[in-house]
There are 2 protein chains.
Amino acid sequence: MAATVTASLDVMGGDKGPAVVLPGAERALRRLPGLRFRLYGDEAVVRPLLDRHPELRDVSTFEHCEISVRMDDKPSQALRRGRWRSSMWRAIDAVKSADATFAVSAGNTGALMAMSKFCLRSPAGIDRPAIAGIWPTLRGESVVLDCGASIGAGATTLFEFAVMGAAMARALHGKAKPTVGLLNIGVEEIKGLDEIKNAGQMLRDAALPDLDYIGFVEADDIGKGKADVVVTEGFAGNIALKAAEGTARQISSYLREAVNTSLLARIGFLIASGAFRRLRQAMDTRRANGGVFLGLNGIVIKSHGGTDAEGFAAAIEIGHSIASSRILDEINADLAAYRPLEGALREAKTGAM
Amino acid sequence: MAATVTASLDVMGGDKGPAVVLPGAERALRRLPGLRFRLYGDEAVVRPLLDRHPELRDVSTFEHCEISVRMDDKPSQALRRGRWRSSMWRAIDAVKSADATFAVSAGNTGALMAMSKFCLRSPAGIDRPAIAGIWPTLRGESVVLDCGASIGAGATTLFEFAVMGAAMARALHGKAKPTVGLLNIGVEEIKGLDEIKNAGQMLRDAALPDLDYIGFVEADDIGKGKADVVVTEGFAGNIALKAAEGTARQISSYLREAVNTSLLARIGFLIASGAFRRLRQAMDTRRANGGVFLGLNGIVIKSHGGTDAEGFAAAIEIGHSIASSRILDEINADLAAYRPLEGALREAKTGAM
């Protein structure tokens with residue numbers, strides 16, 4: 001059997017805090033009975049609720065934290081107020097001290113990233129962390145990164161994102177040699193962002209054995225599942241993710257309207273409800289509820305702030321899959337294998353310009 | 001009555017060329033009986049087809065062009081091969097010579113933009129053209145620009161895009177004072193792209209009477225219709241548009257699957273077919289089938305290459321609405337009103353840094 005996997009949870013994070021985190025953790029526990037928890041939060045709120053989840057309580061430690069990071073705290077504020085003492089910080093710090101295998105928080109993204117960077121830091125050789133999102137596609141799920149950890153990225157950073165994303169696809173989706181595409185736009189003449197082109201060249205030159213670089217993909221290729229991993233800088237990645245989420249919600253709203261148009265419509269949709277349920281499942285974003293912070297000395301999972309217990313459980317399961325893999329070692333190995341090449345390449349390129 | 005409006009059409013453009021363009025034009029003509037056409041294309045192909053559309057033929061001139069720009073021509077290739085002589089060029093050139101009020105082509109976007117820039121040029125005071133897309137929202141339609149004419153944009157260019165987009169929303173959607181948002185990403189600390197911030201400041205300072213600047217919007221706000229006009233540089237705009245289109249197609253595909261799951265499902269959806277039809281209408285991208293090239297001395301409409309006759313007719317109707325307005329004059333007036341302010345602002349800003 002594998003070693004015990006322990007999740008550290010920021011119980012106060014998210015729109016509903018413990019009311020979602022605790023039942024979410026209990027659901028995850030039922031599906032992953034070996035899982036253990038370290039819970040961080042405000043004792044007065046968490047203790048009474050925890051007593052209603054004895055299964056969870058029995059496999060958890062709990063520590064009181066006097067500060068809860070607010071959803072609208074700016075990252076710098078959150079760091080100032082909440083370093084060392086907040087439930088968010090403590091959950092991350094448990095990963096650093098190896099008391100936990102991974103941390104999960106539904107708290108605010110900017111604060112969580114700022115604290116994760118400050119507490120865990122990036123391993124030598126990784127330029128900066130990325131937020132990897134899980135994108136439901138017609139062929140399963142793809143990894144898209146960076147979804148907004150930072151803005152802009154040079155070729156080397158994009159290359160590192162590709163390596164990290166591929167490691168995540170191997171860990172999470174069991175793909176031995178995931179396909180990787182660089183996000184670009186289609187019009188020929190402006191298909192010319194140098195950083196993206198150069199990152200493509202680096203990926204081709206590196207010819208890593210555990211990653212299959214397939215070239216440029218456009219944003220409408222993501223949903224088709226054309227690449228297992230889609231790499232871009234954080235501004236475009238965030239825009240792509242939000243545009244897709246917005247469109248899915250927009251169509252759900254048309255669908256709800258359609259169902260409620262008339263009695264006949266309601267009857268029809270009732271008869272078709274089995275098929276309809278499968279449609280809803282396909283569109284259920286909770287299954288993909290986890291932004292994974294990659295490029296740090298430890299695994300931190302960001303759950304959507306507005307998710308429910310099922311969504312939070314999914315975020316824990318994502319953390320469990322990734323933490324059970326050797327993802328950090330694999331990323332380091334891939335980057336180390338490439339490094340000797342990198343200097344030579346850079347010289348060759350400068351010479352050619 | 002208004003003066004005659006004449007559309008010049010690149011009959012060879014698009015995946016199906018005349019087989020879509022001619023019936024599309026005839027549909028548009030039935031809805032806009034005053035419209036006249038100038039048709040450009042390969043005589044051997046177009047003439048026989050045109051004879052099958054006598055209504056259209058009777059209100060059109062036709063000119064033979066020996067070159068058709070191919071869908072996979074690079075913009076530079078298309079310019080080299082097709083300048084002066086291609087159906088695409090001739091349609092644009094008819095706008096320049098005032099023989100037509102606007103041009104429509106379903107041909108390749110890069111080539112169409114390159115030729116439009118070369119032939120029509122930008123008016124003095126406009127940095128560069130933009131492709132404005134029409135985005136169906138829960139509240140109607142919004143204008144999103146730039147959807148990929150160029151990559152990157154400084155504050156002044158974003159400001160110009162805002163002015164141009166607002167003029168288009170007034171012309172197309174009859175909004176007297178459209179709301180305008182700048183596309184950004186949400187995480188507080190990196191909400192910091194200087195160009196976007198400065199463009200926001202310029203829009204606030206300008207306080208234009210026919211444009212209501214409402215601040216930053218995120219990509220999932222577009223589908224909600226939060227702003228009538230959403231402004232961004234072309235890389236992010238193209239990614240947003242394609243991500244949304246991809247998601248809509250993905251969900252359509254789930255929906256088709258759901259309908260065909262079982263006999264019961266088919267019966268149910270049949271009973272609900274009235275409501276279902278409305279859903280399909282709401283999701284029908286053909287109604288919004290027109291990328292409008294703004295920032296040129298003339299109006300050029302890009303129709304989707306893969307559209308059908310109904311979609312092409314919609315592109316013509318979009319051109320008709322815009323060409324019937326005084327959009328170019330309004331854009332010039334708004335930019336002229338702002339210009340005296342601009343220098344002062346720039347100085348103030350440089351001083352503050």
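Chain A contains 14 helices and 11 strands, where helices (H or I, at least four residues) and strands (E, at least two) are DSSP runs numbered from the N terminus. The model is predicted: local features need pLDDT of at least 70 and side-chain atom pairs count only at pLDDT 80 or more, whereas totals for chains, interfaces and linings use all residues. Residues are numbered from 1 along each chain as its sequence is written, and chains are lettered from A and ligands numbered from 1 in the order in which they are written.

The C-alpha trace of chain A spans about 65 × 60 × 45 Å along its principal axes. Of the 353 residues in chain A, 56% are buried. A residue is buried if 20 or more other C-beta atoms lie within 10 Å of its own, exposed if 12 or fewer, and partly exposed in between, with C-beta atoms placed from the backbone. Among the contacts in chain A with a separation of 6 or more, 73% join residues 24 or more positions apart; two residues are in contact if their C-beta atoms, placed from the backbone, lie within 7 Å.

Chain A is divided into domain 1 (1–126 + 295–325) and domain 2 (127–293), with bounds from an automatic or database domain assignment. The centres of the two domains of chain A, taken over C-alpha atoms, are separated by 25 Å. Their contact takes 22 residues from domain 1 and 18 residues from domain 2. On the domain 1 side, helix 6 (109–120), strand 11 (299–302) and helix 13 (309–323) of chain A each supply at least two residues, and helix 13 gives the most, with 7 residues. This side divides into 9 nonpolar, 9 polar and 4 charged residues. Here Ala, Val, Leu, Ile, Met, Phe, Trp, Tyr, Cys and Pro count as nonpolar, Asp, Glu, Lys and Arg as charged, and the others, Gly among them, as polar.

Chain B is superposed on chain A by a rotation of 180° with 0.0 Å of shift along its axis (RMSD 0.1 Å), which is the relation of a two-fold axis. The superposition is by least squares on the C-alpha atoms of residues with pLDDT of at least 70 in both copies. B:G268 is the residue of chain B that comes closest to the rotation axis, at 2.0 Å (C-alpha).

Between the chains, 58 residues of chain B are in contact with 57 residues of chain A. Helix 10 of chain B gives the most to the chain B side, with 20 residues. The chain B side divides into 33 nonpolar, 15 polar and 10 charged residues.

A:M168 and B:M168 touch the most other members of the largest nonpolar core, which has 236 residues. Such a core is a set of buried Ala, Val, Leu, Ile, Met, Phe, Trp, Tyr and Cys residues joined through C-beta atoms within 7 Å. Not counting residues up to four places away in sequence, B:M168 touches B:A132, B:V143, B:V292, B:L294, B:I322 and B:I327.

B:V5 lies in the segment before strand 1 (6–10) of chain B. B:V5 counts as partly exposed because it has 17 C-beta neighbours inside 10 Å.
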